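Hi,

Here is the structure I promised to pass on.

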Amino acid sequence: MMCGVPTASQPATAETQAIADQVKPQLEEQENKKYATFKAVEFRSQVVAGMNYFIKVQVDDDEFVHLRVFRSLPHENKPVALSSYQTNKARHDELAYF
């Protein structure tokens with residue numbers, strides 16, 4: 001993995017789901033909406049001064065959101081943070097840097 005370059009998109013893992021679950025309340029607050037379904041389906045990661053995760057999350061049968069989540073370096077002891085997100089995405093939409 002090269003620093004600064006996002007990895008190729010890959011299937012979500014249990015760790016990816018756990019990261020998505022941690023920022024779900026932040027998204028729900030910003031969108032003023034509750035999500036009954038919140039399933040991470042794929043992700044990309046990017047090494048920065050910590051780690052950026054780009055996560056495609058299924059929130060309804062045909063509706064997805066793209067999340068950008070930042071995880072700081074372990075010694076900083078900070079929770080993961082929702083940096084940005086995109087709504088109204090479809091299954092076929094590419095998980096690109098944003």
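Let me start with salt bridges, which here mean a side-chain nitrogen of Lys or Arg within 4 Å of a carboxyl oxygen of Asp or Glu. Before going further, the ground rules: this is a predicted model, with local features needing pLDDT of at least 70 and side-chain atom pairs counting only at pLDDT 80 or more, while totals for chains, interfaces and linings use all residues. Residues are numbered from 1 along each chain as its sequence is written, and side-chain values use heavy atoms, with hydrogens and water left out.

Charges

The salt-bridge count comes to five. One of them links Lys34 to Glu28, at 3.7 Å from N to O, and another links Lys24 to Glu28, at 3.8 Å. Lys24 and Glu28 both sit in helix α1, four residues apart, about one turn of the helix. (Helices, H or I with at least four residues, and strands, E with at least two, are DSSP runs numbered from the N terminus.)

For exposure, buried means under 20% relative accessible area, exposed over 50%, and partly exposed in between, using a 1.4 Å probe and protein chains only. Glu28 comes out at 12% relative accessibility, so it counts as buried, whereas Lys34 has a relative accessible area of 70% and is exposed.

Lys56 and Glu42 also form a salt bridge, again N to O, at 3.7 Å. Lys56 is in strand β3 and Glu42 in strand β2, so this pair ties together parts that are 14 residues apart in sequence. Lys56 is buried, with 2% relative accessibility. Back in the other group, shared partners join Lys24, Glu28 and Lys34 into one salt-bridge network.

Arg44 lies in strand β2.

Sheet

There is an open sheet of five strands, in the order β1-β2-β3-β4-β5, with antiparallel pairing. β1 (10-11) and β5 (81-89) are at the edges with a single partner strand each, so one side of each has no neighbour in the sheet. Two strands pair if DSSP finds at least two bridges between them; β3 and β4 have nine, in the antiparallel sense. Phe54 stands opposite Arg68 in β4.

Core

A nonpolar core is a set of buried Ala, Val, Leu, Ile, Met, Phe, Trp, Tyr and Cys residues joined through side-chain atoms within 4.5 Å. The largest one has 18 residues, and those with the most contacts inside it are Phe38, Ile55, Val57, Leu67 and Val69. Two or more residues each come from α1 (14-31), β2 (39-48), β3 (50-60) and β4 (63-71), with β3 giving the most, five residues.

Ile55 is in strand β3 and is buried at 0% relative accessibility. Beyond four places in sequence, its contacts (heavy atoms within 4.5 Å) include Ile19, Ala20, Leu67, Val69 and Leu95.
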